[in-house]
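Please keep the viewer open as you read.

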Amino acid sequence: MSILKYLTRLLFKIILWFFLSTIGITVLYRFIPVPATPLMLIRVWEQTWDKDQQVRLYKDWVSMDNISKHASQAVYAAEDQKFLQHNGFDWEAMEKAWEGNKKGKRIKGASTISQQTAKNVFLWPNRNMVRKALEAYFTFLIELIWSKERIMEVYLNVIEMGNGIYGIEAAAQTYFNKPAAKLSQAESALIAAVLPNPRRWSPAKPTAYIRGRQTWIMRQMNNLAPLGYGK
């Protein structure tokens, strides 16, 4: 066998393994809780080597039936108001972000909840072309294999919501001493308000800026049709 033929077969096997394994894990996560994410493991590693930090990994998976309807409505209003209409990508927002980057401006809102879920569940946080390509691939997969409600459920359970705090249940217990099922509209909006940078801001000590975002999110929640996800 020639080296070229051997390398071709090897490449084919690698590509086949990649597609089979990624499709398989995506199908599996449609039905079972995500046990951990790359970001969670990275944060634990960082905490382990930081003498000023205590190792903390607080997460508690809950089904959508045990999450307040206000929580899904809040992140829907704050992060991705086209969640029900797009197929994983908000092309209009991406175009605006591209144009803004060329002009030296930073445009928020280009990353959908589907993209954020794909990134959090399957990938690492660094930004480069390989990771962005994989993010697009996994976004396509979850949109194809999962329902919109499942995407929202996974998102609410894995998203970073503070230092060592992941998911809506852990956030509700930490910041409001109650389960996620009991979150009010105002509390849900406050949690959603800090999501752009949950390690800088905290629902426990909201700044004037975060209070302003909370008010805006609550107004958007009332203006948007209910998602109907949650208790």
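Predicted model: local features only at pLDDT ≥ 70, side-chain atom pairs only at ≥ 80, totals over all residues.

On the H8 side, the contact is made by Ile168, Ala171 and Phe176, and on the H9 side by Glu187, Leu190 and Ile191. Sorted by class, the residues of this contact are five nonpolar, no polar and one charged.

## Helix H8 and the residue after it

How many of the residues of H8 are buried? The count is seven of nine, so H8 is mostly covered. These buried residues are Ile168, Glu169, Ala170, Ala171, Ala172, Tyr175 and Phe176. Their cover includes helices H3, H7 and H9, together with the strands S1 (58–59), S2 (160–162) and S3.

Directly after H8 comes asparagine 177, in the loop that leads from helix H8 (168–176) to helix H9 (185–193). Asparagine 177 is not a glycine, yet it has a positive phi of about 55°. Is asparagine 177 buried or exposed? Its relative accessibility is 68%, and the cut-off for exposed is over 50%, so asparagine 177 counts as exposed.

As a general background, nonpolar side chains tend to be buried together in soluble globular proteins. In this model, the largest nonpolar core has 56 residues, and those with the most contacts inside it are Met152, Ile168 and Ile217. The elements that give two or more residues to this core are H3, H5, H6, H7, H8, H9, strand S3 (165–166) and helix H10 (208–223).

Setting aside residues up to four places away in sequence, isoleucine 217 touches Ala74, Ala77, Ala78, Ala189, Ala192 and Ala193.

## H3 against H9

The helices H3 and H9 pack at an angle of about 40°, and their axes are 8 Å apart. That makes H3 oblique to H9. The crossing in which H3 passes H9 is right-handed. His70, Ala71, Ala74, Val75, Ala78 and Glu79 of H3 meet Gln185, Ser188, Ala189 and Ala192 of H9. By class, that contact holds six nonpolar, three polar and one charged residues.

## Helix H5, an enclosed segment

Which residues of H5 are buried? They are Ile113, Ser114, Gln115, Gln116, Thr117, Ala118, Asn120, Val121 and Phe122. Nine of the 10 residues of helix H5 (residues 113–122) are thus buried, so H5 is largely enclosed by the rest of the structure. Among the elements covering these buried residues are helix H1 (3–28), helix H2 (38–48), helix H3 (69–79), helix H6 (129–145) and helix H7 (148–158).

The crossing of H1 past H6 is right-handed. Phe18, Phe19, Thr22, Ile23, Thr26 and Val27 in H1 meet Leu134, Tyr137, Phe138, Leu141, Ile142 and Ile145 in H6. This contact of H1 with H6 has 10 nonpolar, two polar and no charged residues.

Helix H6 also holds arginine 131. With a relative accessible area of 3%, arginine 131 is buried. Apart from its neighbours within four places in sequence, arginine 131 is in contact with Lys119, Leu123, Trp124, Pro125 and Asn126.

## Proline 33 in the H1–H2 loop

The last stop is proline 33, in the loop between H1 and H2. Proline 33 is partly exposed, with a relative accessible area of 42%. Leaving aside its neighbours within four places in sequence, proline 33 is in contact with Trp61 and Arg150. Proline 33 and glutamate 153 are 120 residues apart along the chain, and their C-alpha atoms are separated by 9.6 Å.

How values were computed. Residues numbered from 1 in each chain as written. Heavy atoms only, no water. Buried < 20%, exposed > 50% of the residue type's maximum accessible area, 1.4 Å probe, protein only. Helix = DSSP H or I, 4+ residues; strand = E, 2+ residues; numbered from the N terminus. Contact = heavy atoms within 4.5 Å. Left-handed = near helix turned anticlockwise from the far one by under 90°. Nonpolar A, V, L, I, M, F, W, Y, C, P; charged D, E, K, R; others polar. Core = buried A, V, L, I, M, F, W, Y, C linked by side-chain atoms within 4.5 Å. Axes fitted to C-alpha atoms, helices over the stretch in contact; angles between N-to-C directions. Parallel < 35°, antiparallel > 145°, perpendicular 65-115°, else oblique.
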